[in-house]
Amino acid sequence: MSKFRIVNLNVWFGGVHSLREVNLEVQANEILSVIGPSNSGKTTFIRMLNRLNELQLNFRMAGDLNLDSVSINKIDVEELRRRVGMVFALPLPLPLSIFDNVAYGPRMQGVINKNKLKEIVESCLKQAYLWDEVKDRLDISAFKLSGGQQQRLCIARTLAVEPEVILFDEPCSGLDPISTAKVEEAMLKLKQRYTIVLVTNNVKQAARVGDRTAFFLNGELIEVDQTDKIFTAPGDQRTDDYISGKFG
Amino acid sequence: MQLNMRKVKEFIVEKLILICGLASIFFVILIFIFLAKEGISVFKSVSPFKFLFGKSWYPISEPPQLGILPLILGSLLVTLGAAIISVPIGIACAVYIAEVAPQKVKEILKSGIELLAAIPSVVLGFIGMVTLVPWVKSVFHLPTGLTALSGSIMLAFMAMPTIVSIAEDALYSVPKNYKEGALALGATHWQTIYRVLLPAASSGIVAAVMLGIGRVIGETMAVMMITGNSAVIPNTILQPVRTLTATIAAEMGEVVVGSEHYFALFAIGIVLFVISFAINVTADLFLHKRK
């Protein structure tokens with residue numbers, strides 16, 4: 001079943017044509033890895049999925065973007081962003097305690113019952129593989145956590161809004177290998193309940209966690225296929241060159 | 001030889017800069033010493049307690065009564081009123097400029113606010129005198145429109161540019177990621193402003209408010225023109241008051257040098273100095289906390 005269906009998507013920022021004629025489907029409960037060199041349009045692509053690009057000046061788009069067969073421009077933007085959560089490249093805890101960071105989203109939606117909030121916080125931290133490390137100090141500032149822990153906290157915070165899709169924008173770019181492994185472990189587990197789109201600069205990460213992989217170059221989608229196929233027998237020479245490290 | 005010349009030059013420039021740097025501190029210290037020396041003499045004839053909390057200010061009666069409580073209360077009342085008016089409007093204006101306004105409107109508003117800051121206070125006082133004062137008089141059916149309220153409204157206009165520009169700066173320097181992070185969780189624009197941007201910029205905003213208040217409490221010309229200048233303890237904001245600054249400005253010209261009255265005016269200067277020093281230090285503390 002396809003979660004997102006993207007048809008003939010074009011994006012411009014001022015005079016710059018950032019995405020050209022992108023056609024792609026994201027299946028439910030899969031991890032779609034998006035790879036490509038910088039400036040290839042991969043970040044622009046996932047920021048289309050929760051309409052975050054609209055905050056930029058001089059943004060223009062053409063084409064169709066459907067979530068569960070409904071155009072995302074017809075969905076209320078806050079509602080869309082609740083259904084499509086996002087984890088950013090830099091861990092971005094709010095200047096609040098660990099508990100309040102996770103409870104932020106539910107509170108915003110009007111959940112005030114203390115016990116209900118506690119339940120949500122615990123279950124989300126568990127899903128993000130962070131619970132055991134922080135359960136005794138939920139009231140300390142989120143800034144006291146390490147980078148990897150902060151990133152998992154951000155995952156937990158995203159989960160607390162009960163999204164259907166989670167977008168990861170280079171989530172491990174600032175993390176050490178051990179923290180990266182933990183975040184990847186969390187992603188593989190989350191796949192059972194959520195649809196995941198992962199943008200990464202780390203080709204090996206795409207190979208490790210992606211069910212399917214899409215390769216972008218200069219704003220174009222070069223190809224998308226099963227991860228095994230992309231990494232063993234890609235259909236396009238440019239894909240082969242990129243994953244084998246000839247450029248990028 | 002060449003090298004030596006260069007070293008000498010270097011030495012001279014360095015020392016010159018040092019002297020310039022020290023000069024500012026040196027002058028502050030000189031002013032303070034002068035103020036203290038002249039002001040403290042008043043306490044030979046009045047106790048500090050009686051001076052600060054005495055209820056009547058009749059400096060030229062015989063013997064002179066030098067209690068500045070009415071003046072302190074006058075200053076505080078006018079300042080408080082100005083703060084109540086200018087803080088909410090100023091912060092809302094800063095939020096609008098930083099977050100909501102389209103680029104064009106933003107530029108117009110910003111230059112408008114800079115212009116407001118550029119109006120000399122005597123001009124504001126003059127405009128207040130011919131427009132605001134009669135208005136206050138007729139709206140509240142008062143015998144005179146020269147009241148603390150008129151002063152507060154006028155001073156609110158003077159505090160606004162400071163509050164708006166510093167608060168806007170604080171909001172603008174909140175990392176963009178915070179905003180995106182909150183929006184990505186499905187927060188509305190207003191929720192993002194209210195729960196993320198304002199708290200993240202709070203220390204800068206508090207500093208903006210303090211500096212705005214600092215400007216109000218030190219202001220002289222406009223308040224002297226429109227607050228009525230009667231040194232009595234005010235019961236309501238609709239009565240004439242006299243501020244610390246206006247007292248010094250109005251009486252310093254006619255006072256007999258070396259009299260008790262003369263020293264008392266300097267002592268008022270000390271009180272003002274202490275108040276604005278405290279406000280500036282608080283503002284500074286908040287600004288540094290931000291970094």
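In which strand of chain A does A:E21 lie? A:E21 belongs to strand 2 (residues 16-27) of chain A. The legends below describe a predicted model, in which local features need pLDDT of at least 70, side-chain atom pairs count only at pLDDT 80 or more, and totals for chains, interfaces and linings use all residues. Residues are numbered from 1 along each chain as its sequence is written, while chains are lettered from A and ligands numbered from 1 in the order in which they are written.

**View 1. Residue A:E21 in strand 2 of chain A.** Strands (E, at least two residues) and helices (H or I, at least four residues) are DSSP runs, numbered from the N terminus. Phi of A:E21 is near 45°, a positive value in a residue other than glycine. Most residues other than glycine have a negative phi. A:E21 counts as partly exposed because it has 13 C-beta neighbours inside 10 Å. A residue is buried if 20 or more other C-beta atoms, placed from the backbone, lie within 10 Å of its own, exposed if 12 or fewer, and partly exposed in between.

**View 2. Residue A:S69 in a loop of chain A.** The loop that holds A:S69 runs between strand 4 (59-67) and strand 5 (70-71). Phi is positive here too, near 65° for A:S69. A:S69 has 8 C-beta neighbours inside 10 Å and therefore counts as exposed.

**View 3. The contact between chain A and chain B.** Chain A gives 16 residues and chain B gives 14 residues. Two residues are in contact if their C-beta atoms, placed from the backbone, lie within 7 Å. On the side of chain A that touches chain B, helix 2 (77-83), strand 6 (84-87) and helix 3 (98-108) each supply at least two residues. That side of chain A has ten nonpolar, three polar and three charged residues. Ala, Val, Leu, Ile, Met, Phe, Trp, Tyr, Cys and Pro count as nonpolar, Asp, Glu, Lys and Arg as charged, and the others, Gly among them, as polar.

**View 4. Residue B:G218 in helix 9 of chain B.** Helix 9 covers residues 202-218. B:G218 is partly exposed, because 17 other C-beta atoms lie within 10 Å. Leaving aside neighbours within four places in sequence, B:G218 is in contact with B:T245 and B:S276. The C-alpha atoms of B:G218 and B:L244 are separated by 8.7 Å, and these residues are 26 residues apart along the chain.
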